[in-house]
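Dear colleague,

I am handing over the structure that we spoke about, and I would be glad if you read the notes below with it open beside you.

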Amino acid sequence: MSRIPPAQAPYAPAVQAAFDSIMPAGVAPLALFRTLAVAPRVFERFRAGALLDRGPLSLRQREIAIARTCALNGCEYEWGVHVTFFAEKARLSPEQLRATVDGSPAGWSHEEQAILALCEELHRGTQLSDDLWATLQQHFSTEQILELMALAGFYRTVALFANGLRLPLEPYAARFPATA
């Protein structure tokens with residue numbers, strides 16, 4: 001059970017408009033969004049930081065960064081939501097999805113390995129080594145590197161909210177794969 005009861009319908013017009021703009025048609029607003037909507041200022045600022053628009057990264061690159069960041073932060077809630085809505089579109093295989101959780105090899109390209117390494121280094125120490133920086137510069141533009149860093153930071157924040165609030169998992173969302 002969530003530590004803060006989420007907002008319930010009917011929602012204020014501005015909140016409903018926000019939900020309508022971020023949720024697929026016919027899908028109820030996520031518990032995360034409904035809970036943050038209890039504090040309109042936080043919800044507004046949270047939405048302003050979202051990076052789900054068409055940015056300088058491909059959908060696949062973005063989802064690899066999000067899935068690995070969520071998994072490193074033990075955030076099954078957001079990992080599952082993203083896997084459910086985006087993994088197929090991003091052409092992430094079951095083996096690759098498992099690898100975002102357990103770090104196992106999964107046939108990643110050198111570019112994708114650099115994304116995973118960025119997530120891991122930022123998670124471990126909030127810094128990027130010179131060697132990784134050089135590798136990132138071989139594969140990505142400055143704008144793309146900044147976007148990857150922003151994704152790692154934003155989804156760490158999402159994990160802090162989801163885990164700190166003890167949000168219940170969305171019933172339709174994917175679950176972390178069972179460990180062998």
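What follows describes a pocket and then one arginine.

Please keep in mind that this is a predicted model, in which local features need pLDDT of at least 70 and side-chain atom pairs count only at pLDDT 80 or more, while totals for chains, interfaces and linings use all residues. Residues are numbered from 1 along each chain as its sequence is written, and side-chain values use heavy atoms, with hydrogens and water left out.

Arginine 68 is found in helix α4, residues 59-72 (a helix is a DSSP run of H or I with at least four residues, numbered from the N terminus). Arginine 68 counts as buried because its relative accessibility is 8% (buried means under 20% relative accessible area, with a 1.4 Å probe and protein chains only). The side chain of arginine 68 reaches the backbone oxygen of threonine 100 at 2.9 Å, and that of valine 101 at 3.4 Å. Once neighbours within four places in sequence are left aside, arginine 68 is in contact (heavy atoms within 4.5 Å) with Ala99, Thr100, Val101, Asp102, Gly103, Leu116, Cys119 and Glu120.

As for the largest pocket, its lining has 16 nonpolar, two polar and four charged residues (Ala, Val, Leu, Ile, Met, Phe, Trp, Tyr, Cys and Pro count as nonpolar, Asp, Glu, Lys and Arg as charged, and the others, Gly among them, as polar). A pocket here is an open set of points on a 1 Å grid over the protein atoms alone, where a 1.4 Å probe fits, with protein on both sides within 12 Å along at least five of seven lines, and lining residues have an atom within 4 Å of a point. Helix α5 gives the most to this lining, with five residues.

With best wishes

Methods: Helix = DSSP H or I, 4+ residues; strand = E, 2+ residues; numbered from the N terminus. Buried < 20%, exposed > 50% of the residue type's maximum accessible area, 1.4 Å probe, protein only. Polar contact = N/O pair within 3.5 Å; in protein donor to acceptor, adjacent residues only side chain to side chain.
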